[in-house]
Amino acid sequence: MKTLITLAAAGVMAFAGNASAGPTEDLIAKEKCAKCHTATTTKKGPSWASVAEKYKGKPDAAAKLFSALKNGGKVGDEEDHKKVDASDAEIKAIVAIVLSSK
Ligand code: HEC
């Protein structure tokens, strides 16, 4: 039993050690958001930090961004914003990263 627990703990640590970028960061990379967005600099789209700043204190921020990313379509002045091809939970995780950027 003790061996099992030790093994499990080692497994968890190996996973954590690997997590320089989490699954959500991988998803953001895969969806090529970085073509137009980065955490802190404005490219074609606004930086995550400026989006977080814009939505600061707005209670519907997460819901709004969630639906923008899920449904695509018009986002601000961008007529045809990229849709995120991912599960609801994954899109929520992306929104959380965006809104916690600074
Ligand atoms: C082809 C370029 C492009 C790509 C790729 C892109 N975006 Fe955007 N995005 C934009 C532009 C431009 C805006 C600004 C629209 C405006 O507010 O005028 C924007 C706005 C946003 C906003 C702010 C919306 C708001 O209401 O202020 C979020 C959040 C966002 N993008 C997330 C993402 C995510 C996540 C991805 C990857 C799945 C992504 N974008 C991929 C161009 C892009």
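Modeller: A polar contact here is a pair of N or O atoms within 3.5 Å; within protein, one must be able to donate a hydrogen and the other to accept it, and residues adjacent in sequence count only if both atoms are side-chain atoms. The model is predicted: local features need pLDDT of at least 70 and side-chain atom pairs pLDDT 80 or more, while totals for chains, interfaces and linings use all residues. Residues are numbered from 1 along each chain as its sequence is written, and side-chain values use heavy atoms, without hydrogens and water.

Colleague: How do you know which protein atoms are donors of the iron atom of the ligand?

Modeller: Donors are N, O and S atoms within 2.8 Å of the metal (3.2 Å for Na, K and Ca); water is not among the atoms, so sites may look incomplete. NE2 of His37 and NE2 of His81 lie 1.9 Å from the iron, so they qualify.

Colleague: Why is the arrangement around the iron atom called octahedral?

Modeller: Six donors count as octahedral if opposite ones are over 155 degrees apart and all others between 65 and 115. The six donor atoms here subtend angles of 87 to 178 degrees, which makes the arrangement octahedral. His37 is in the loop between α2 and α3 and His81 in strand β2 (residues 78-81), so the pair ties together parts 44 residues apart in sequence. Helices (H or I, at least four residues) and strands (E, at least two) are DSSP runs, numbered from the N terminus.

Colleague: Why are His37 and His81 called buried?

Modeller: Buried means under 20% relative accessible area, exposed over 50%, partly exposed in between (1.4 Å probe, protein chains only). His37 has 11% and His81 has 18%, so both are buried. A polar atom of the His37 side chain also lies 2.7 Å from the backbone oxygen of Pro46.

Colleague: How do you know where the buried residues of α2 lie around the helix?

Modeller: The buried residues of α2 (residues 23-30) are Thr24, Leu27 and Ile28. Seen down the axis, they fall within an arc of 100 degrees (taken from the directions from the helix axis to the C-beta atoms), so they line one face. The face turned away carries the exposed Pro23, Ala29 and Lys30.

Conventions: Tetrahedral: all angles 85-135°; square planar, octahedral: opposite > 155°, others 65-115°.
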